[in-house]
Amino acid sequence: MNKNIRVIICIFVVIFTMMGLYFCNYLLFKKDDYISSAHNKRLSSYSEHVVRGSILSSDGEKLAETVVDEFGEEKRIYPYNNLFAHSVGHVEKGYTGIEALGNFYMVSSHESIFKKIADDVSGKKRTGDNIVTTLNVRLQQAAYDALGDYRGACVVLEPDTGRILAMVSKPDFNPNTIEQDWEAINSIQGNDCLLNKATRGVYAPGSTFKVMTTLEYLREHPDNYQSYLYNCTGENNIMQDYSVHCYGGLVHGVLDLEHSLAQSCNCSFSNIGISLNKERFSGLCSDFLFNKTIPGSYGCVKSQFVLSADDSDAVTAQTAIGQGKTTISPMHNALIAATIANGGVMMTPYVIDRVENYKGKTVVDFEPKMYDKLMSADEAACIKDMMKLVVSEGTGARLISESYQAAAKTGSAQFSSDVDDTHAWILAFAPADAPKIAISVIVERGGSGGETAAPIAKRILDVYFDETSD
Ligand SMILES: [Zn+2]
């Protein structure tokens, strides 16, 4: 008898503990996801009583709004057509982008009690709250135009807050006509126009990853990294049947650490790579969010970094120059640039600045959030100085400007054995000594990062500094 009671008590304790854990998990981590989910039935019932609110840019331009015609039919309109396709998203074919992230707020209404009564009496729907984003129309347009007909993505962040100022993915679509275009979009095999490559694109980081390799080298040689020297002959024979070559068949000659980065010398970085402690290098990449969920709620794909103690020198050399098995999203790479720009502090990226009621009164305000301090101020300053050299003497020369000083790292990431199959990357921030803006650009099959991606970043920086110099 006693035994049975004990068993029953145990079962109840287990059940209550599991229920407790479930509710804690819900309250702490999942609540916003469930509430905002387009599958939440309560939200659908809200939308029967509320006209969905608008999505606005940081300067008050309407990026999405619901218009109601004389018959009471509602239609979601996107005044900028393709320009904000992925960042703002759509509602017709499932909720994406900010339409998904901010769903809960836009079908909630903070009308005054008098207006609520008046609306209820007249049988009118209530007016939903509006979302004011961190997105800037001019920067978004600049990034969109600069990418032009290339396939790829671009992310622009404010380093000291994590505000997402612009986010573009190409090819794109028109959210106004997605219903009509749906069949055509899906009939083309391999059509990736619906994919937000800024957050969901998976690419080899190429030479942009050399900032991570450099940081690990700094950590392992805090007192003597300045005496590093390497003689590049254009080829580094790592082991039998495996050599690393410098991009474009270049021979760089004798380089110190900072000029190895400025010239993006593969031979020198493969040499550095095989000298590193693999376990510590993996730990550093883990701290920088490789193999982890990117904070913020844009649904970023996980980046990958794999390096184990028994990997060969060939694998280690490839990994050190951003090839091998390492992958990264443009958002994550922008976050790394922003962290260096922000003195080593990574801020959580965010796109919803605040929620306002129909009269413009703020009802929810989102503050910048620090993710973590990942580098010392000295380490960040050291990498930043090397990235300044990338622009003044190295592969990022296309970013030289009279009105601002940029810091950058280019990348040309080979994604198949064919040398011509190369994605062009750039990470950049400016002004180098007091950064206001950090950018990552990837151009699929763009070839050299310095040739193709750098001019795109330059156009965005030019627009930004033109605007703020007025
Ligand atoms: Zn070289």
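Me: At what angle do the axes of α10 and α13 cross, and how does that angle class the pair?
Reply: The model is predicted, so local features need pLDDT of at least 70 and side-chain atom pairs count only at pLDDT 80 or more, while totals for chains, interfaces and linings use all residues. Residues are numbered from 1 along each chain as its sequence is written. Helix α10 (residues 210-220) and helix α13 (residues 278-287) have axes that come within 10 Å and cross at roughly 125°. Under 35 degrees counts as roughly parallel, over 145 as roughly antiparallel, 65 to 115 as roughly perpendicular and the rest as oblique, so α10 is oblique to α13.

Me: How are helices, strands and axes defined here?
Reply: Helices (H or I, at least four residues) and strands (E, at least two) are DSSP runs, numbered from the N terminus. Axes are lines fitted to C-alpha atoms, for helices over the stretch in contact, and angles run from 0 to 180 degrees between N-to-C directions.

Me: Which residues make the contact of α10 with α13, and how do they divide by type?
Reply: From α10 come Met-212, Leu-215 and Glu-216; from α13 come Arg-280, Phe-281, Leu-284 and Cys-285. Contact means C-beta atoms, placed from the backbone, within 7 Å. Ala, Val, Leu, Ile, Met, Phe, Trp, Tyr, Cys and Pro count as nonpolar, Asp, Glu, Lys and Arg as charged, and the others, Gly among them, as polar. The division is five nonpolar, no polar and two charged.

Me: What is the angle between α10 and α16, and which residues make the contact?
Reply: Helix α16 (residues 377-392) packs on α10 at about 130°, with the axes 11 Å apart. That makes α10 oblique to α16. The contact is made by Val-211, Thr-214, Leu-215 and Leu-218 of α10 with Glu-379, Cys-382, Ile-383 and Met-386 of α16.

Me: In what order do the strands of the five-strand sheet run, and which are the edges?
Reply: The sheet is open and its pairing is antiparallel, in the order β8-β7-β19-β18-β17. Two strands pair if DSSP finds at least two bridges between them. Pairing on one side only marks the edge strands, β8 (164-170) and β17 (407-414).

Me: Which residue of β18 stands opposite Gly-411?
Reply: β17 pairs with β18 (residues 422-430) in the antiparallel sense, over eight bridges. Opposite Gly-411 stands Trp-425.

Me: Is Leu-289 buried or exposed?
Reply: Leu-289 is not a glycine, yet has a positive phi of about 80°. Its place is the loop between α13 and α14 (313-320). A residue is buried if 20 or more other C-beta atoms lie within 10 Å of its own, exposed if 12 or fewer, and partly exposed in between, with C-beta atoms placed from the backbone. Leu-289 has 23 such neighbours, so the class is buried.

Methods. Contact = placed C-beta atoms within 7 Å.
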